Amino acid sequence: MAERPNEISYADGKILKSAIDGVGVVTFNNPDKRNAMSLEMWEGFGQALSELRDDAAVRVVVLTGAGGKAFVSGADISQFEATRHNAAASEDYSRRSAAQRALLADYPKPTIACIGGFCLGGGMQVAMLADIRIASADSQFGIPAARLGIAYGYDGLRHLVSLVGPSWARLLMYTGMRIDAAEALRIGLVERVMPADELWGATMEIARTISDNAPLAIQAAKITIREVLKDESRRDMDAIKAIGAACMDSEDFREGRQAFMAKRKPQFRGR
Ligand code: COA
């Protein structure tokens, strides 16, 4: 992976953030532990996400793991004895780590998980919260909660069931088995699988394509798909209508039409 300009670090360097050409990147950087997530890393992750969310120049965010062996191997199990040894102790840990994942769940910009190597437990939760998952052919996926004796929780399982269906969710959860990239692709857990040495380039190509497109139109798709996934009784049709109207009235829609007619590349500004 090329060195990234303007890189900022959090959690003692275990979370890195950078942005270039409209693409923000958050890197899980704890390769000695296969990027296992400590509580400090969850909080650094939340900080990096918030800053990229508030950076008007960033139009899409890529999540990736350092070291070439893992995306994220789950929560840092070495912290469990002190912070998650029973229900009362785990309440604070769960609340604080869930608050950071909630930022990703509600993220207003498109997100892509670039998965090379192990993607396990809490790493799966992060990957499943991203809008799109691109994985290397040598990646492996699993949720070993049943091997550890912990419950995976509503949010994680909701996303798993919506991606792979209830039967695959049960098979994965009951056994704690790991599956390879080909199987993950087949069951709909990831959208595309690339040879390991092409993973980063392919992910960035998709990110740049998204970043060049009209931000409001992408937001409209993101909002509408989110509402499609809700129960009909809770669906916010007004939000869909409002973003649809914002697109139709936008400078970008005019730019899109004019650029098409003039056979030139449109320059979108997100308004
Ligand atoms: N928490 C804490 N430490 C972890 C970790 C985790 N989730 N995952 C890996 N590590 C540590 C290992 O303990 C090991 O540390 P050491 O060098 O001090 O012995 C180091 O990372 C490398 O792991 P290792 O098991 O030697 O590498 P591997 O390539 O053979 O296997 C994994 C990698 C990720 C498959 C394996 O480490 C593993 O199964 N980890 C636990 C995954 C898990 O249960 N996640 C769910 C947590 S909720």
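In the segment that follows α11 of this predicted model, Lys 263 has its place, and its backbone carries a positive phi of about 55° although the residue is not a glycine. Lys 263 has a relative accessibility of 78% and therefore counts as exposed, the limit for that class being over 50%. A second residue other than glycine with a positive phi is Asn 35, for which the value lies near 60°. Asn 35 is placed in the loop between β3 and α1, the latter helix covering residues 39–54. With a relative accessible area of 0%, Asn 35 is buried, whereas Lys 263, as noted, is exposed.

Helix α11 itself spans residues 251–261 and contains Glu 255. The relative accessible area of Glu 255 is 14%, and this residue is therefore classed as buried, since the class takes in values under 20%. When neighbours within four places in sequence are left aside, the contacts of Glu 255 are with Arg 264, Lys 265, Pro 266, Gln 267 and Phe 268.

Strand β3, which runs from residue 23 to residue 28, includes Thr 27. Thr 27 is buried, its relative accessible area being 3%. Apart from neighbours within four places in sequence, Thr 27 is in contact with Arg 4, with Lys 14, Ile 15 and Leu 16, and with Thr 64, Gly 65 and Ala 66.

Asp 180 belongs to strand β10, which is made up of residues 178–180. The side chain of Asp 180 reaches the backbone nitrogen of Glu 183 at a distance of 2.9 Å. If residues up to four places away in sequence are not counted, Asp 180 touches Ser 139 and Phe 141. Between Asp 180 and Ser 136, the C-alpha to C-alpha distance is 9.8 Å, and the two residues are 44 residues apart in sequence.

In the pair formed by α1 and α3, the latter comprising residues 87–105, the axes come within 9 Å and cross at roughly 25°. Because angles under 35 degrees are counted in this class, α1 is roughly parallel to α3. The crossing of these two helices is left-handed. On the α1 side, the residues that meet α3 are Leu 39, Trp 42, Glu 43, Phe 45, Gly 46, Leu 49, Ser 50 and Arg 53, and their counterparts in α3 are Tyr 93, Arg 96, Ser 97, Gln 100, Arg 101, Leu 103 and Leu 104. Sorted by class, the contact of α1 with α3 holds 7 nonpolar, 4 polar and 4 charged residues.

Helix α4 (residues 122–129) and helix α6 (residues 154–175) have axes that come within 10 Å and cross at roughly 60°. This angle makes α4 oblique to α6, and the crossing of α4 and α6 is left-handed. The contact joins Met 124, Gln 125, Met 128 and Leu 129 of α4 to Gly 156, His 159, Leu 160 and Leu 163 of α6. Its composition by class is 5 nonpolar and 3 polar residues, with no charged residues present.

For helix α9 (residues 215–228) and helix α10 (residues 237–248), the packing angle is about 165° and the axes are 9 Å apart. Since angles over 145 degrees fall in that class, α9 and α10 are roughly antiparallel to each other. Here, α9 passes α10 in a left-handed crossing. The residues of α9 that take part in the contact are Leu 216, Ala 217, Gln 219, Ala 220, Ile 223, Thr 224 and Glu 227, and these meet Ala 239, Ile 240, Ile 243, Ala 246 and Cys 247 of α10. By class, the residues of this contact comprise 9 nonpolar, 2 polar and 1 charged.

Note on methods
Residues numbered from 1 in each chain as written. Predicted model: local features only at pLDDT ≥ 70, side-chain atom pairs only at ≥ 80, totals over all residues. Heavy atoms only, no water. Axes fitted to C-alpha atoms, helices over the stretch in contact; angles between N-to-C directions. Helix = DSSP H or I, 4+ residues; strand = E, 2+ residues; numbered from the N terminus. Parallel < 35°, antiparallel > 145°, perpendicular 65-115°, else oblique. Left-handed = near helix turned anticlockwise from the far one by under 90°. Contact = heavy atoms within 4.5 Å. Nonpolar A, V, L, I, M, F, W, Y, C, P; charged D, E, K, R; others polar. Polar contact = N/O pair within 3.5 Å; in protein donor to acceptor, adjacent residues only side chain to side chain. Buried < 20%, exposed > 50% of the residue type's maximum accessible area, 1.4 Å probe, protein only.
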